[in-house]
Amino acid sequence: MAGTGDGRCLVLGCGGVTGLAWEIGLLAGLARQGIDLADADMIIGCSAGSVAGAQLARGVPPAHLLAVQLDAEAAAREQFRPYSQRDADDKNRALYDKTGGDLAQARQRIGAYARRSATPTLAERRAIIAARLSGANWPLRPFRVVAVDASTGEGRSFEARDGVDFVDAIAASCAVPGAWPAVPIGGASYMDGGIRSMTNADMAAGFRQVIVLAPLGYRDDNPVSGHLRRELRELEAAGSQVLALLPDVASAAAIGDNVLDPTGRARSADAGYRQAESLAQAVRNIWSRPSAPAVPPQ
């Protein structure tokens, strides 16, 4: 589904539980500055961003989402998983080289790994995802999530009109290979949308104004998933006004290397909230609707 040519699109990228907390902290901090990024014509979410995007599309206030991230009891309901984003980047770079730069083949191999890995059960994972959401139905506002077919390596998006179970779609978008189970949907198995791209900002093509929240940054050293710079260039070349919001030094340290560690939620959310003040003016400069033409005096 293409953009309208004059609409606004919010893209929320991957980042695990700590990256999700940073996104929510940033959204809440911007809201405190009077900036409502939920007022978008389309919200696109990938992995962690699919959770944040789903809540925004439902109309849940960012301040409420932030309070949940700062709640130690809510964090305890999450499940720790051993993970290193740095190691994942290194492995993806090695895999890319091994396949001679064949991205489809590289993603297919990651998918095979995802399907054979021992992980918590799908039922356990669905329960964790459902607990993050404020309901089991698709939001009424335009919202799209990204996942990757674990067999073909091809990315695709899900939205309300596709008739896919909402919790399954979010769980698929968040199915980090080796950490969480691939999710069966329509006869296929789907894994984390971040295997296509950590941001998938190219799916915002056609919108006039695009803001991208990228908890994991550019990740140029990951040729399988680190495509943000190219995506931004392509959007700008097509005429979109684009702004990417990335963690500053303090936020990156808070998010950490194990983005699947729930104990980092509160510090990451707080870091995002604090960073919002320094980003607010840049966001205001782009996140505006064309004003109505002045009516000449009679």
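## Ground rules

A residue is called buried when its relative accessible area is under 20%, exposed when it is over 50%, and partly exposed in between (1.4 Å probe, protein chains only). D39 counts as partly exposed because its relative accessibility is 33%.

This is a predicted model, in which local features need pLDDT of at least 70 and side-chain atom pairs count only at pLDDT 80 or more, while totals for chains, interfaces and linings use all residues. Residues are numbered from 1 along each chain as its sequence is written, and side-chain values use heavy atoms, with hydrogens and water left out.

Helices (H or I, at least four residues) and strands (E, at least two) are DSSP runs, numbered from the N terminus. Take strand 3, residues 143–149. Of its 7 residues, 7 are buried.

Two strands pair if DSSP finds at least two bridges between them. Strand 3 pairs with strand 2 (residues 42–46) in the parallel sense, over 4 bridges. Here I43 stands opposite F143.

## Nonpolar cores

In soluble globular proteins, nonpolar side chains tend to be buried together. A nonpolar core is a set of buried Ala, Val, Leu, Ile, Met, Phe, Trp, Tyr and Cys residues joined through side-chain atoms within 4.5 Å. The largest core here has 82 residues. Those with the most contacts inside it are L10, L37, I170, I211 and L213. Helix 1 (residues 16–32) gives the largest share, 8 residues. A second, separate core has 9 residues, including V148 and M191.

Contact means heavy atoms within 4.5 Å. Leaving out residues up to four places away in sequence, I211 touches C9, L10, V11, L37, L243, L245, V283, I286 and W287.

## One side of helix 3

Which residues of helix 3 (residues 62–69) are buried? They include P62, L65, L66 and Q69. These residues cover an arc of only 100° around the axis, so they sit on the same side of helix 3. The arc is that of the directions from the helix axis to the C-beta atoms. The cover over the buried residues of helix 3 includes helix 1, helix 2 (48–57) and helix 11 (265–286).

## A buried asparagine

N222 is in the loop between strand 7 (209–213) and helix 9 (228–237). N222 counts as buried because its relative accessibility is 0%. A polar atom of its side chain lies 3.1 Å from the backbone nitrogen of S225. Not counting residues up to four places away in sequence, N222 touches A88, D89, N92 and M198.

## Salt bridges

A salt bridge is a side-chain nitrogen of Lys or Arg within 4 Å of a carboxyl oxygen of Asp or Glu. By this rule the count is 16. In one of them, D39 meets R8 at 2.9 Å, N to O. D39 lies in the loop between helix 1 and strand 2, and R8 in strand 1 (residues 8–12), so the pair ties together parts 31 residues apart in sequence. R8 is buried, at 3% relative accessible area.

R161 and E159 form another salt bridge, with their closest N and O atoms 3.7 Å apart. R161 is exposed at 63% relative accessibility, whereas E159 is buried at 11%. Salt bridges that share partners also join E78, R132 and R265 into one network.

Notes: Polar contact = N/O pair within 3.5 Å; in protein donor to acceptor, adjacent residues only side chain to side chain.
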